[in-house]
Amino acid sequence: MLKVNNLSISFIQYQAGLKQRNLQVISNLSIKIDAGEILAVVGSSGSGKSLLAHAILGILPKNAMVSGSMLYKGAELTPEIQKKLRGADITLIPQSVNFLDPLMKIGEQVRCSAGSGNPREKQKSIFRRYSLDEKAENQYPFQLSGGMARRALVASAVVGGARLIIADEPTPGLHPQIVRETLGHLRELADDGCAVMLITHDIGTALSVADNIAVFYSGTTVEIAPTADFKGSGEALRHPYTRALWNALPQNEFQPVEGFQPSHSGHLKEGCLFEPRCSQSSQECKCSTPEIREIRKGKVRCHNAT
Amino acid sequence: MQLRAENISFRYGKGDWILKDFNIELNQGEILGLTGPSGCGKSTLAKILAGYERPLGGSVELDSRSFPSKGFNPVQLVFQHPEKAVNPRWQMHRILRESGCQDDSLYRSLGIEESWMKRWPNELSGGELQRFCVARALTRQTRFLIADEMTTMLDAITQAQIWHVVLEYAKQNNMGVLVVSHENRLIERLCDRVVCLRDNAAGRT
């Protein structure tokens with residue numbers, strides 16, 4: 001359904017006076033999502049997860065330069081097509097319920113994103129689907145409980161019949177029951193034939209619902225692995241960063257890694273971006289950037305992966 | 001030394017009681033977990049224990065004495081969102097100096113880079129900022145640390161990194177830590193004892 005190939009994004013920034021610099025924030029990123037699939041995009045803050053979502057929707061700021069290709073159902077996503085598709089075929093479930101309009105009744109909010117057809121009927125049926133009371137139709141967001149507001153948010157995102165759904169950090173800081181419910185909605189949508197991209201920093205959330213996991217580090221994909229590979233002490237995983245992420249979970253080893261993710265001040269260094277923190281680093285890792293390659297039904301960007 | 005809240009009650013304005021005759025004590029060197037559903041008053045309790053809010057009934061005592069009203073607060077609170085807990089118009093070195101914390105080895109173990117000191121808060125990621133907030137709270141005078149969802153917004157590696165430093169520091173300095181979180185697996189990993197807060201009553205496990 002969606003295919004992103006070698007996407008790079010950089011920002012032009014002014015330094016002092018009229019001096020400009022180019023800030024590379026995403027480099028050579030590739031992912032693909034099929035209908036019926038949930039792809040979780042996992043990475044720490046600043047790894048470029050949200051920028052990818054913005055790039056797909058075509059809502060990057062004006063000073064962004066994009067290269068590489070994005071295909072939606074086989075057709076190139078140009079700015080004109082993006083403008084037509086976003087909100088209709090491609091939709092975003094935002095992070096927080098603060099994205100609901102505080103001054104508009106819930107029913108009306110859902111109706112105005114219903115698109116073609118009879119908005120009132122569509123709204124009624126989506127309310128039934130997400131067990132929202134009829135009463136909620138005439139209520140304002142502040143009158144709903146947290147869980148209901150979240151359901152309203154999902155309802156207004158999917159009421160227009162979107163096929164590609166991007167959920168940007170839909171669960172942090174929520175009560176486990178609401179987390180399960182929100183993730184359950186995503187699973188249902190995928191089972192109905194939608195493609196779902198779940199952006200999160202929490203690998204536990206990702207594992208509980210996704211089919212495949214794409215791991216981001218410093219603006220690129222280091223590994224794309226089936227969820228089933230996350231088990232034991234991570235032997236089935238391909239990239240050392242993915243393994244470290246898995247072993248850092250409190251229910252596993254709770255093992256930290258020294259250092260920090262390189263940030264994008266100026267240009268990125270040569271070689272593998274994880275190399276300074278990697279226990280298996282070699283001379284090759286220092287000087288040449290690994291290409292992404294296919295290993296054991298997954299993809300990995302590492303010289304040493306087997 | 002002991003931080004003890006006795007029979008505290010609290011509500012905002014004329015709303016419902018969030019806490020009613022609630023008791024909790026945190027000993028020196030102890031890692032105590034606090035869990036409960038959202039909206040049950042975990043964060044309110046954290047603020048009361050750190051002296052940001054005064055309870056309407058009952059008392060919070062530090063070593064059987066009431067809270068010091070001025071000077072350094074020996075009970076330090078670290079919030080969930082670091083970007084809201086730092087002054088956006090101060091550079092990082094000034095934010096650290098706010099608490100008088102000057103411990104280079106602590107900075108190193110938290111993974112704080114020398115070059116970050118000259119940056120502004122909006123030039124650092126959430127994980128990087130939270131390291132500064134933790135460093136700022138860990139001073140010689142800090143006896144208790146209240147961590148209110150301290151690592152909820154962070155990735156697993158940064159979470160493990162920060163907690164290893166905090167636990168080590170607590171052990172060396174005999175500091176008590178209250179871990180407020182809804183992530184049960186994290187609580188199980190970190191804590192000696194867990195208090196579950198629900199519906200104005202404290203159950204204990």
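Q: What makes 52% of the 205 residues of chain B count as buried?
A: Buried means under 20% relative accessible area, while over 50% is exposed and in between is partly exposed (1.4 Å probe, protein chains only). In chain B, 52% of the 205 residues count as buried. A word on the source: this is a predicted model, where local features need pLDDT of at least 70 and side-chain atom pairs count only at pLDDT 80 or more, though totals for chains, interfaces and linings use all residues. Residues are numbered from 1 along each chain as its sequence is written, chains are lettered from A in the order in which they are written, and side-chain values use heavy atoms, with hydrogens and water left out.

Q: Why is chain B called as compact as a globular protein of that length?
A: The radius of gyration, taken over C-alpha atoms, is set against the globule rule, 2.2 Å times the number of residues to the power 0.38. Chain B has 17 Å, close to the 17 Å that the rule gives for 205 residues, so chain B is as compact as a globular protein of that length.

Q: What makes the 102 residues a nonpolar core?
A: Such a core is a set of buried Ala, Val, Leu, Ile, Met, Phe, Trp, Tyr and Cys residues joined through side-chain atoms within 4.5 Å. The largest one has 102 residues, and A:Ile213, B:Trp163 and B:Val177 have the most contacts inside it. Apart from it lies another core, of 34 residues, among them A:Leu2 and A:Ile90.

Q: How do you know that A:Ile213 is in contact with A:Phe230?
A: Contact means heavy atoms within 4.5 Å. Leaving aside neighbours within four places in sequence, the contacts of A:Ile213 include A:Leu39, A:Val42 and A:Phe230.

Q: What share of the contacts in chain B with a separation of 6 or more joins residues 24 or more positions apart?
A: Such residues account for 71% of those contacts.
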